[in-house]
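The exercises below are meant to be worked through with the sequence and the model side by side. Try each task before reading its solution.

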Amino acid sequence: MTHKGRIVSAVALTTLTLGLTACNNDEDAASSQDSPSASAPASADPGSKSPSADPSDDAAAPAGGDVAAPGTKLKIGDRAVLPFKYGTTKKGTVAVTVTAIEKGAEADMAPFGDKAKGMTPYYIRMKVENVGGTDLSYASLRLRGKLEGGGPTGVILVGDLPGKCDSETAPRDFTTKGASYETCSLSATKTDPIAVASFEEGDAYSDSPVLWTS
């Protein structure tokens with residue numbers, strides 16, 4: 001299942017010559033300025049109506065290996081066991097392996113409209129495993145892209161680019177230990193390249209995320 005996308009926060013600029021509202025990522029929460037939005041084509045996929053993730057640190061007890069501590073730094077291809085909570089009822093332990101951070105073309109961003117002009121997309125590809133054996137069917141996990149060194153991109157995207165970066169929800173049978181699926185998180189930048197994938201779900205990880213670097 002896939003989610004179609006929209007830009008919920010335009011790129012942060014030193015000037016407004018491109019007509020984009022200045023804003024910040026979660027790391028720069030001091031800004032209270034509203035940001036523009038743009039919609040990509042709507043999806044009729046019922047999976048897009050799943051509740052939004054609401055992670056917490058106590059999502060589940062460790063399972064399938066030691067849980068990665070907040071602030072853990074990994075390389076592309078490394079596997080991290082992480083606590084995970086989705087909505088109000090689904091929680092467990094998952095393992096995430098980032099398999100690639102791929103650069104797309106500016107033209108790929110056309111479905112997001114004029115506000116995406118000048119933005120370069122990056123596709124964070126990953127494998128997600130259910131290591132706790134709890135029911136996480138139809139849950140959705142997302143990683144954020146960051147600049148080299150861990151700095152924010154200034155752009156927040158919601159959704160995917162069908163055929164380029166499909167944000168899959170967990171399948172119906174993602175309920176047992178060992179179940180797995182592959183998905184993609186879309187990020188974009190108007191400045192430096194994206195070289196880091198960041199897991200920020202849960203209070204501890206939002207302050208000190210687990211990072212994969214290329």
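**Exercise 1.** In this predicted model, find which residue a disulfide joins to C165, and describe the link.

*Solution.* Begin with the sulfur atoms: a disulfide joins C165 to C184, with an S to S distance of 1.9 Å, and this lies within the 2.5 Å that a disulfide requires. Then turn to the geometry, in which the angle about the S-S bond is -100° and the link of C165 and C184 is left-handed. Finally, a search of the whole structure finds one disulfide.

**Exercise 2.** Decide whether C165 and C184 are buried or exposed.

*Solution.* The cut-off for a buried residue is under 20% relative accessible area, and by this criterion C165 is buried, as is C184.

**Exercise 3.** Work out the strand order of the open sheet of four strands, and explain why one side of β4 and of β9 has no neighbour in the sheet.

*Solution.* Reading across the sheet gives the order β4-β5-β6-β9, with antiparallel pairing. Because β4 (79-86) and β9 stand at the edges and each has a single partner strand, one side of each is left without a neighbour in the sheet. From one strand to the next, the twist averages 40°.

Technical notes. Residues numbered from 1 in each chain as written. Predicted model: local features only at pLDDT ≥ 70, side-chain atom pairs only at ≥ 80, totals over all residues. Heavy atoms only, no water. Buried < 20%, exposed > 50% of the residue type's maximum accessible area, 1.4 Å probe, protein only. Pairing = 2+ DSSP bridges. Helix = DSSP H or I, 4+ residues; strand = E, 2+ residues; numbered from the N terminus. Axes fitted to C-alpha atoms, helices over the stretch in contact; angles between N-to-C directions.
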